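Please read the points below with the structure open beside them.

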Amino acid sequence: MKRPFVRRALAGMAITLLVLAGCAKTGSDAGAATASAPITPALIPAPAALQAGEGSFVINADTRLSATGEPATRVAGQFAAYLQSAGGPALAIADADGKNGIRFVLETGDAAAASPEAYTLDITPEGVTVKARDERGLFYGAVTLWQLATQGDKSGVALPALHIEDAPRFAWRGFMLDPARHFQTVDEVKKIIDAMALHKLNTLHWHLTDDQGWRIEIKQYPKLTEIGGCRIPAGDGGKDPKTGEPRPYCGFYTQDQIRDVVKYAAERHITVVPEINVPGHATAAIAAYPELGSIDTPLVPSSEWGVFPNLVNVEEPTIAFFENVLGEVVQLFPGTYVHIGGDEAVKDQWEASAREQARMRQVGAKTEMDLQGYLVERLEKYLAGHGKRLIGWDEILEAKLPPEATVMSWRGIEGGLKAARQGHDVVMSPSNKTYLDYLQTASPSEPPGRPALITLQDVYAFEPVPPELEESQRHHILGLQANLWTEHTRTFARLQHNAFPRLAAVAETGWTPAAKKDFADFTRRLPTQLKRYDAIGLGYAKTPFEAMIATEHDRKAGTVKVTLSNPLGYPVHYTTDGSEPTPTSKAFASPLDLKLPVTVRAAAFAEGRALAPAATFELTPAALLTRTDEAMAVCPDAGRLLLRLEDDGPAEGERAIFNATIFYPCWQWNQADLDGIASIKVRAGRIPYYFQLAHDEPHRTFEPAKSPLGELEILGGGCKGHTLASVPLPAAPGADGFLDLEAPLPAGTAGRQDLCVRFTGDTRPQMWVLDRITLQPR
């Protein structure tokens, strides 16, 4: 089904999908740039030390680049290519130094005297010099210069005289990409790599296998991609719209493509860390080679999300299988680390398996977690024998862990603390701070994901080195990593939306000294970073830059109290006469008391320009009687695992999006004004219940159906209150995929009440979900 792709004026919610305005310019040609004042540096990540000088240097089409030696020449060429790709002038590389030039200098001497990623940048009226002892540092100096050169007019920009001495705080500055759930093409992966490089991120964690797909070619085991690389999506998305036949979702990277991506990343000083997940998240592998499994039931790559019970066994042939897999993996990835997963390995199948229980006794494992530890130990030894280090999610700490193993702490920071105190290296990646599939604002324009908010502020505030960690163990914190799981990220546009600009905050934490971090200053620099994103075609999220609205209305008086805001605190300017807001329009300072109907237009501003086109809010008595699912509250104490879910169809194009709590589906309109309301109209959709809950299964509850197909129930006083109306449900929604039901209210219903909407009956195999609720006056 497909919900019409429109935005509606709703109480308490912003309604317009916003598109960022184009880049502002500071001059129309090189002459204008020469005459203009030097820019104010707006660098992300902020450098370790910046000292201002006097005067300026203009980069324009006449500027020449110079470099000596292959590494420096290579960096000069990369700078020129990045500058031109962002709309800047095409700069030639000269053989000799000269005035009006930019020099890239790879210094000789003791390279161990400083971080290999350190550099210095000097800008004077006579020219620019980037110096480093290692090509990595020279590249990052070029990135800083690129950021400065993309702040002004595309044909020429006056750079302020300055001196920068810079080096990263952490050695691991990472981003995890998940093609196992939804696949990214090679070109899309390369676009992410370029964006990472321009943020000075240096580690791409590639999550190549999971329950839903095996994405890396293993020549010895072709079924891993032939069978494990395809799944049939749930519902309408898994059907050919013309024939009704199954429509597989497939994708994998050939080994040649892997080599191409790894080489592309290395040229930008990014190390690719592959992940082959065992013993859990292995459904696709077991589907391809059933002998790997712990049960005899045939499996297929899953179209569902969540935590699965399917584990590989730990018998010798299976260990040999994964050693052979890793034997091909280590030939493709020259970096130090290989990730073996280890997370969410529910042990039910091992507990019930006589073979695995016998295997435990054979290897001396007292518990099923010890058996997982035995597998980790075997794989660690194999990797070490090939010059690699094992890294895994923090669950691997629950058994004896080889001292050389590295831990990626995702269930908070506690695993990282424990690992560091045991002498293990650690990458901090807590799900409540660095998971980018969580929504970043409360805007209804956010795509599907986990609605628990991880805002830009949350990401920026994360400190990878816990203050309680002893000083002697702090060197074990290698750095931090952001992860973007793609269960709900079906398109590359959504992936970019989820990653940016939050990945810029990750980059600043990874690079900039802790004492120099300042969120207010970061948001001052961020609008300039958005211009760079626009210049290179990066599809970042617009929602943090929207103007949003909240309303309280008095239906009897015909008035509305309006509060305007921006998620990042940028000033909001507005009009109420239908005109376009400008920087000179009224600035929102306190709630507005307005008569209905009224049209409010608003935009957030920085540096004299709108960060997004004006949002338009049509506030009418009728519109304020409707709430969508996004504007409804979650029923308290009734299953609070809220997800923002996409419909299962159509196969291609836009789909409806619903907020739903999957443990106990219910929606609540707090303090709904029922005076003069005769009935309630509910519009609902239906989607497959595509979730594996493992040990959380007992938390899934629902109201028993009182009739064969269940009921729509409306309750007053909240979801534990009294029933106001009950309407039988049909067998299926209408032809458009939606259902419209009207529930008359009992005579005498009045006053403000917490209004609860729920559907009775089992949520499997399909669940009804709320689209909108409308109060119908008498």
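The notes that follow go through the elements in order along the chain.

1. Basis. This is a predicted model, in which local features need pLDDT of at least 70 and side-chain atom pairs count only at pLDDT 80 or more, while totals for chains, interfaces and linings use all residues. Residues are numbered from 1 along each chain as its sequence is written, and side-chain values use heavy atoms, with hydrogens and water left out.

2. Helix α2. Helices (H or I, at least four residues) and strands (E, at least two) are DSSP runs, numbered from the N terminus. Helix α2 covers residues 70–85, which makes 16 residues. From first C-alpha to last it reaches 22 Å, close to the 22 Å expected at 1.5 Å a residue; the expected span is 1.5 Å times one less than the number of residues. After α2 comes G87, with a positive phi near 90°.

3. Buried residues of α2. Which residues of α2 are buried? They are A72, V75, A76, Q78, F79, A80, Y82 and L83. Buried means under 20% relative accessible area, exposed over 50%, and partly exposed in between (1.4 Å probe, protein chains only). An α-helix has 3.6 residues a turn, so residues three or four places apart point the same way.

4. Two strands pair if DSSP finds at least two bridges between them. An open sheet has the order β21-β22-β25, with antiparallel pairing. Its edge strands, β21 (548–554) and β25 (592–595), each pair on one side only. Neighbouring strands here are turned by 30° against each other on average, direction ignored; axes are lines fitted to C-alpha atoms, for helices over the stretch in contact, and angles run from 0 to 180 degrees between N-to-C directions. Strand β22 (residues 559–565) pairs with β25 over four bridges, and V562 stands opposite L592 in β25.

5. Strands β26 and β28. Strand β26 (residues 598–606) runs antiparallel to β28, and five bridges join the two. V598 has L619 of β28 as its bridge partner. In β28 (residues 615–619), A615, F617 and L619 form the covered face, whereas T616 and E618 form the uncovered one. In a regular strand the side chains alternate between the two faces of the sheet.

6. Four-stranded sheet. A further open sheet has the order β32-β38-β35-β36 and antiparallel pairing. β32 (666–673) and β36 (722–728) stand at the edges with a single partner strand each, so one side of each has no neighbour in the sheet. The twist averages 20° from one strand to the next. Strands β35 (residues 711–716) and β38 (residues 752–759) run antiparallel and are joined by five bridges; L712 has F759 in β38 as its bridge partner.
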